[in-house]
Amino acid sequence: NRHLVLPRMARSIDGLIWVLGGAVLETAGARYRTMKYICENYFGQQWPYGDQEEFLAQTDGNARRILSRLHGRAKNGERDHKLVFERNLLVGLQLYQQMMDGEETPPVPGITSVLSEVKLRGLRQVAVSNGPSELVRAKVRRYGLSNWFDAVIAHPQGFQEDTKGLFAEAVSGLDITCERVALISDRVSDV
């Protein structure tokens, strides 16, 4: 859709915020493999989704919500004590971050053409990620994407749920009012 919408949008906006994981880098397969592994091997539960397509269709991409839902499906039907549940969820999130950090997440096919077109139109571009800053910047460099973005914004401590803060920082970094910025993401939950 972004290929079709971009030409019409470009006249009314001055900048784009790209969600790095999903909109720029292909993360769907890595997310599926990682979540399935945590569900089966850490939570010790049966994977409730069939294939990757079913997983992506039935989840919103928010790791905390997905892991919470997976962990809440206890085999015996009883839910862990709240503190144990939260501890297990936190460990699951840390494991998710570590595993995703090690996954190959190449650029989405055709994304460099889109980034180039946006740059040619004079629009400012910022990439945002809730991953650790050092790792995110290394991936952007490794895939040759640095020249397309005016800034790359990520959390220094990594994997924060505060995406609103990321987006506010990105708008500020563009030095454009939020009314003149469009968000490009692969998840409805980011909007």
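Student: What makes up the secondary structure of the protein chain?

Tutor: The protein chain has nine helices and four strands. Helices (H or I, at least four residues) and strands (E, at least two) are DSSP runs, numbered from the N terminus. This is a predicted model, where local features need pLDDT of at least 70, side-chain atom pairs count only at pLDDT 80 or more, and totals for chains, interfaces and linings use all residues. Residues are numbered from 1 along each chain as its sequence is written, and side-chain values use heavy atoms, with hydrogens and water left out.

Student: Why is isoleucine 38 called buried?

Tutor: Buried means under 20% relative accessible area, exposed over 50%, and partly exposed in between (1.4 Å probe, protein chains only). Isoleucine 38 has 0% relative accessibility, so this residue counts as buried. Buried residues make up 44% of the 191 residues in the protein chain.

Student: Which residues does isoleucine 38 touch, not counting those up to four places away in sequence?

Tutor: Its contacts (heavy atoms within 4.5 Å) are Phe43, Leu67, Gly92, Leu95, Tyr96 and Met99. Isoleucine 38 and methionine 99 are 61 residues apart along the chain, and their C-alpha atoms are separated by 9.6 Å.

Student: Isoleucine 38 is in helix 3. Why are helix 3 and helix 5 called roughly parallel?

Tutor: Let's start with the angle. The axes of helix 3 (residues 28-42) and helix 5 (residues 63-71) come within 10 Å and cross at roughly 30 degrees. Axes are lines fitted to C-alpha atoms, for helices over the stretch in contact, and angles run from 0 to 180 degrees between N-to-C directions. Angles under 35 degrees count as roughly parallel, over 145 as roughly antiparallel, 65 to 115 as roughly perpendicular and the rest as oblique. Helix 3 and helix 5 are therefore roughly parallel to each other.

Student: Which residues meet where helix 3 and helix 5 are in contact?

Tutor: Met35, Ile38 and Cys39 in helix 3 meet Ala63, Ile66, Leu67 and Leu70 in helix 5.

Student: What makes the pair of tryptophan 47 and tyrosine 49 edge-to-face?

Tutor: Six aromatic pairs are found in a search of the whole structure. In the pair of tryptophan 47 and tyrosine 49, the rings lie 5.2 Å centre to centre with 70 degrees between the planes, and the pair is edge-to-face. Rings of Phe, Tyr and Trp (its six-membered ring) pair if their centres lie within 6.5 Å; planes under 30 degrees apart count as stacked, over 60 as edge-to-face and the rest as tilted.

Student: How do you know that tyrosine 49 is buried?

Tutor: Tyrosine 49 has 9% relative accessibility, so tyrosine 49 counts as buried. Tryptophan 47 is buried too, with a relative accessible area of 8%.
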